[in-house]
Amino acid sequence: MSLTFATEKQVAVAAVRRACLLTSSVFNKLVKNETLTKGDKSPVTVGDYSAQAVISTILQHAFPADPIVGEEDAADLRVDSGANLRDRIITLANEALTGELELGENSEWGIGPGQEKTAAELLDAIDRGNHSGGSTGRMWTIDPIDGTKGFLRGEQYAVCLSLIVNAQVQVGVIGCPNLPVNPEKPEFGQGCIFVAVRGHGAEQMSLSGAHPTPLRIPAFTSSTLSFLESVEAAHSSHSFNDQVSSLLGITHSPIRMDSQAKYGCLARGEGGAYLRMPTGVGYQEKIWDHAPGAILIEEAGGVVSDSRGDPLNFGLGRTLGENYGVVAAGKDVHRRVLDAVQKARAEAKSKA
Ligand SMILES: Nc1ncnc2c1ncn2[C@@H]1O[C@H](COP(=O)(O)O)[C@@H](OP(=O)(O)O)[C@H]1O
Ligand SMILES: [Mg+2]
Ligand SMILES: [Mg+2]
Ligand SMILES: [Mg+2]
């Protein structure tokens, strides 16, 4: 039997839950000057920074020897022009860390009343995410807000955490504060956490950790399938997905959604396939954008690969290396989508 990673799972769920409470409360108070534009032109908010500070602080207390591959770094907060943002981030992170202990949480993880951290400690916590990754040993990935553009639109986003050991994802946690608990029962409200442990299945629970429900991807036919895809056309090719859809005889429109909420929805039986093909050359997918989602799909009985059918390689560093896209689906659908992707590629080549 594979390791249960019971403590890792408990710590990861607690960290993601605290970060989710923070990001959802921040959204309602977010003001214009609380968003920066990074070097690659992508947005980052006080929510991203403070959520990474919270998760990293908790990991550092619980697993001090484990390195972290985190999306954000504190460089822009350490300069004079970042002072206002920095103060706000410190306040938000401390609010989230010092909230009352919930069932399953432990004050040794640096959380609970009286556990305020200094500004220096929290900036250092953000910067602990600077690990370069690689194929050996334990490491965590943090995407404090995945789908920042969705977050800013008030739509879907996800707080994402994974544990990778020797290049294999072992634990994945995805918190989706804006996602309906059950799309068919709006009265159940929104806010879910998806959790997977290698060899021990995938589950969904409420943001409070209640109602854990095992997940299994059901079978789909062409008439019930619809692709899950990014909202942002710059992140994955919508037109390529349309082409693959028609080759497969899919009649439903794609479901557009930001963030790894797509993996969560796929794991619980929505859509049936997630296809993310590059829009150009040069962009390399980040490991924190796929590690938690990949284990969730595998533990829900599905398959995740690139468009050649090869598994995603989480041992290459901070990225997945050369970008061959991502295909995720239940086993049978995965095979059919891969075939159609190859056909669509061949058609595009013959037209070129
Ligand atoms: N050109 C590009 N191609 C693919 N992914 C990209 C991209 N530019 C940014 N991204 C990634 O797309 C993620 C969001 O995915 P999605 O489109 O599924 O919501 C972003 O995560 P962040 O929002 O955490 O920065 C970012 O890492
Ligand atoms: Mg980002
Ligand atoms: Mg991301
Ligand atoms: Mg992010």
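1. How many of the nine residues of H8 are buried? In this predicted model, nine of the nine are buried, so helix H8 is largely enclosed by the rest of the structure. The helix spans residues 291-299. Its buried residues are Ala291, Pro292, Gly293, Ala294, Ile295, Leu296, Ile297, Glu298 and Glu299. The two glutamates, Glu298 and Glu299, therefore count as buried too, a residue being called buried when 20 or more other C-beta atoms lie within 10 Å of its own. After H8 comes glycine 301, which has a positive phi, near 95°.

2. Setting aside residues up to four places away in sequence, tryptophan 288 touches Val69, Glu71, Thr141, Ile142, Asp143 and Cys160. Tryptophan 288 and tryptophan 140 are separated by 148 residues in sequence, yet their C-alpha atoms are 8.9 Å apart in space.

3. The protein chain is assigned two domains, domain 1 (6-214) and domain 2 (226-351). Their C-alpha centres are 24 Å apart. Contact between the domains involves 36 residues of domain 1 and 29 residues of domain 2. On the side of domain 1 that touches domain 2, at least two residues come from each of S4, H5, strand S5 (158-165), strand S6 (168-180), strand S7 (190-197) and strand S8 (202-206). Strand S6 provides the largest share of that side, with six residues. Sorted by class, this side of domain 1 consists of 18 nonpolar, twelve polar and six charged residues.

4. The contacts of valine 54 are with Ala15, Arg18, Ala19, Leu22, Ala93, Ala96 and Leu97, when residues up to four places away in sequence are not counted.

5. Helix H4 (residues 119-127) has a buried side. Its buried residues are Leu122, Leu123, Ala125 and Ile126. These residues lie on the same side of H4, because they cover an arc of only 155° around the axis. In general, an α-helix has 3.6 residues a turn, so residues three or four places apart point the same way. The buried residues of H4 pack against helix H2 (46-62) and helix H3 (83-98).

6. Around it are 16 residues, of which Gly147, Ser230, His235, Asp258 and Tyr283 come nearest. Two or more residues of this shell are given by each of strand S4 (138-146) and helix H5 (148-153). By class, the shell has two nonpolar, seven polar and seven charged residues. Domain 1 (6-214) and domain 2 (226-351) each provide at least three residues of the shell around ligand 1.

How values were computed
Residues numbered from 1 in each chain as written. Chains lettered and ligands numbered in written order. Predicted model: local features only at pLDDT ≥ 70, side-chain atom pairs only at ≥ 80, totals over all residues. Contact = placed C-beta atoms within 7 Å. Buried ≥ 20, exposed ≤ 12 C-beta atoms within 10 Å, placed from the backbone. Helix = DSSP H or I, 4+ residues; strand = E, 2+ residues; numbered from the N terminus. Arc of directions from axis to C-beta. Near = placed C-beta within 6 Å. Nonpolar A, V, L, I, M, F, W, Y, C, P; charged D, E, K, R; others polar. Domains from an automatic or database assignment.
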